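Here are my notes for someone opening this one for the first time. Have the viewer handy and go through the points in order.

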Amino acid sequence: MAREKIKIRKIDNVTARQVTFSKRRRGLFKKAEELAVLCDAEVALLVFSATGKLFEYSSSSMKGILARYSLHANNLNKPQQPSLELQLENSNYIRLSKEVSEKTHQLRQLRGEDLNGMSIEELHQLERKLDSGLQRVIETKASLAIPSKSCVRLQGAQLLEENRELKQKVIIYLLIFTECMGLKKMAIIIVLNVINFGAGDDDGKDERGEGTGGGCSAGELSGH
């Protein structure tokens, strides 16, 4: 037979109420003890009867648990303090922000801005910094320009050498060709023209500012 469910409401009968209170109190304390043992929790119970009698249970010291509760309740009423890690991050942020502001101000001064309020000595120091920086820039630029000039000279010498080798190959080819064709006189004319053309490239103009002249023609050779 199913047990009848009791409605949760105040018991009017005084005797029945006291009996129920005694049973429920013992059951409540038993559950509190089981909770403390099974879960390794600190449990404290305070119960006042209808007549004002105090009943209590604590898994350890009642005063210690109540003191801990009071401290926790007081901390809840205070604004939460930031953690130590957050405080350190805020401190680093403030320090870095200050450094960035100072470096930005110094950079603006190096650009000739924000000079108001600087003393004569501070202006002299700024001038020395700018002179030193300019000197380093000039030295670096010069060190980069020297290899470039050397490179240009080397390339020019290589081109002249390639030009000489090419002229020699052309002369040899023309001599072989004209020799095969039986044109010895024409071969001499062609070789002289090639040599004169190369000499014009290498030497440029003569001391009078005029060119060295073109190659010999067939008529000129025949006249000699």
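1. A word on terms: helices (H or I, at least four residues) and strands (E, at least two) are DSSP runs, numbered from the N terminus. Residue numbers start from 1 along each chain as its sequence is written. The model is predicted, so local features need pLDDT of at least 70 and side-chain atom pairs count only at pLDDT 80 or more, while totals for chains, interfaces and linings use all residues; side-chain values use heavy atoms, with hydrogens and water left out.

2. Start with the overall layout. The protein has six helices and two strands, in the order α-β-β-α-α-α-α-α from the N terminus. Of its 224 residues, 11% count as buried (under 20% relative accessible area; exposed is over 50%, partly exposed in between, with a 1.4 Å probe and protein chains only).

3. Next, the strands. β1 and β2 form a hairpin with five residues between them, and G52 in the turn has a positive phi of about 90 degrees. The two strands pair in the antiparallel sense over five bridges (pairing takes at least two DSSP bridges). V47 has F55 in β2 as its bridge partner. On β2 (residues 54-58), F55 and Y57 make up the covered face, and L54, E56 and S58 the uncovered one.

4. Now look at helix α3 (residues 84-110). Just after α3, G112 takes a positive phi of about 85 degrees.

5. How many salt bridges does a search of the whole structure find? There are six, a salt bridge being a side-chain nitrogen of Lys or Arg within 4 Å of a carboxyl oxygen of Asp or Glu. One of them joins R68 and E42 (2.3 Å, N to O). This pair links distant parts of the chain, 26 residues apart: R68 is in helix α2 (residues 62-77), and E42 is in the loop between α1 (14-39) and β1. R68 is exposed, at 57% relative accessible area, whereas E42 is partly exposed at 48%.

6. R164 is partly exposed at 39% relative accessibility, and so is E161 at 38%.
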